[in-house]
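Hi there,

Here is the structure I promised to pass on. Have a look at it first, and my notes follow below.

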Amino acid sequence: MTHSASSALAHPVTDGVGAGFASLLRSWREAGDARAPIVMGIVNVTPDSFSDGGHFFRTEAAIEHGLRLHDEGAAILDVGGESTRANAEPVAADEEIRRILPVIEALTANGILVSVDTMKAEVARAAISAGAQILNDVRGLLGDPEMAEVAARTGAGVIAMHNQGIFGSAKPMEFDPVAGCIAFFRRALEVAHEAGVAEDRLVLDPGFGFGKSPEQNLQILARFGELGALGLPLLAGTSRKSFIAKVAGADDTERLAGTLATNVVAALAGAAIVRVHDVAEHVAAMRIAAAIRGAGTSG
């Protein structure tokens with residue numbers, strides 16, 4: 001199947017839980033060259049995530065953090081209950097559900113668009129029942145065979161991330177990393193199409209930091225625009241990743257400047273969404289990047 005921007009919008013679904021996400025993406029598309037990427041804030045309800053593990057593990061702390069990120073300008077909050085860092089302990093579905101459901105329920109009760117960061121269809125179903133509208137699948141629909149069916153049946157939005165199944169690893173991909181991402185996405189989109197996932201709410205994520213060397217992360221970022229060949233919106237998820245510290249020579253806790261730099265590059269290359277820990281700084285940076293991009297195409 002050939003995917004293009006026109007085919008992705010040919011038969012939009014106007015209902016289902018992902019309708020709000022589809023509307024957000026449509027507004028982004030229609031804003032033209034001066035459009036700012038959508039800022040997605042990260043809410044990790046985990047004791048062991050690589051950057052902020054344990055800070056928001058308590059339900060009340062996670063809810064408060066999510067509300068603060070929303071107030072800072074996050075259009076989407078991505079709630080996850082299982083770390084995908086290197087050597088992280090796997091989390092059973094029932095425990096993952098226990099962690100995230102009260103957070104999702106509280107955030108969506110405040111009218112916030114919520115994504116669930118999970119690789120398990122069982123967790124995705126529970127999250128949607130609690131109010132989540134988007135499935136952020138770190139296995140890109142090629143892990144749990146029921147994930148695409150959950151999205152299709154509910155009309156949920158889908159973020160399909162490139163992942164060879166190597167979490168938090170700097171093991172290099174074989175051959176050209178951009179071509180590898182595109183080949184992976186083609187398989188994921190076939191799965192989505194066969195299940196009946198609405199294409200007006202599909203987003204692709206190259207999976208920075210997942211089974212890629214630092215050099216390959218930089219190559220993908222430098223050629224980010226090439227990932228648009230499939231005609232679907234792209235998400236950049238570089239926030240606080242280890243390759244930033246490696247290049248900048250920064251301490252593990254000092255990655256904001258490098259993260260901002262990578263996301264400005266992604267924005268200038270046409271990213272639709274940036275997934276970040278530091279929302280307020282990125283809202284401002286994305287507006288500047290959008291103004292620069294718009295100025296370059298005017299006149």
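By a nonpolar core I mean a set of buried Ala, Val, Leu, Ile, Met, Phe, Trp, Tyr and Cys residues joined through side-chain atoms within 4.5 Å. Please keep in mind that this is a predicted model.

The largest such core holds 68 residues, and Val79, Ile104, Leu135 and Leu227 touch the most other members. Setting aside residues up to four places away in sequence, Leu135 touches Val116, Ala124, Ile128, Met147, Val150, Ala151, Ala156, Gly157, Val158 and Ile159. Another core, of 13 residues, lies apart from the largest one and includes Phe21, Met40, Ala272 and Ile273.

Ile104 also belongs to the buried residues of helix H4, among them Ile97, Ile100 and Leu107. These buried residues pack against strands E1, E2 and E3 and helices H3 and H5. H4 covers residues 93-109 and reaches 23 Å from its first C-alpha to its last, close to the expected 24 Å. The helix bends by about 35 degrees at Ile100, with Pro102 following within four residues. Just after H4, Gly111 has a positive phi of about 75 degrees.

Thr238 counts as buried because its relative accessibility is 0%, against a cut-off of under 20%. Beyond its neighbours within four places in sequence, its contacts include Phe208, Thr259 and Thr262. The side chain of Thr238 makes a polar contact with that of Asn263, at 3.4 Å. Thr238 and Thr262 are 24 residues apart along the chain, yet 7.0 Å separates their C-alpha atoms.

Best wishes

Note on methods: Residues are numbered from 1 along each chain as its sequence is written. This is a predicted model: local features need pLDDT of at least 70, side-chain atom pairs count only at pLDDT 80 or more; totals for chains, interfaces and linings use all residues. Side-chain values use heavy atoms; hydrogens and water are left out. Buried means under 20% relative accessible area, exposed over 50%, partly exposed in between (1.4 Å probe, protein chains only). Contact means heavy atoms within 4.5 Å. A polar contact is a pair of N or O atoms within 3.5 Å; within protein, one must be able to donate a hydrogen and the other to accept it, and residues adjacent in sequence count only if both atoms are side-chain atoms. Helices (H or I, at least four residues) and strands (E, at least two) are DSSP runs, numbered from the N terminus. The expected span of a helix is 1.5 Å times one less than its number of residues. The bend at a residue is the angle between axes fitted to the seven residues ending there and the seven starting there.
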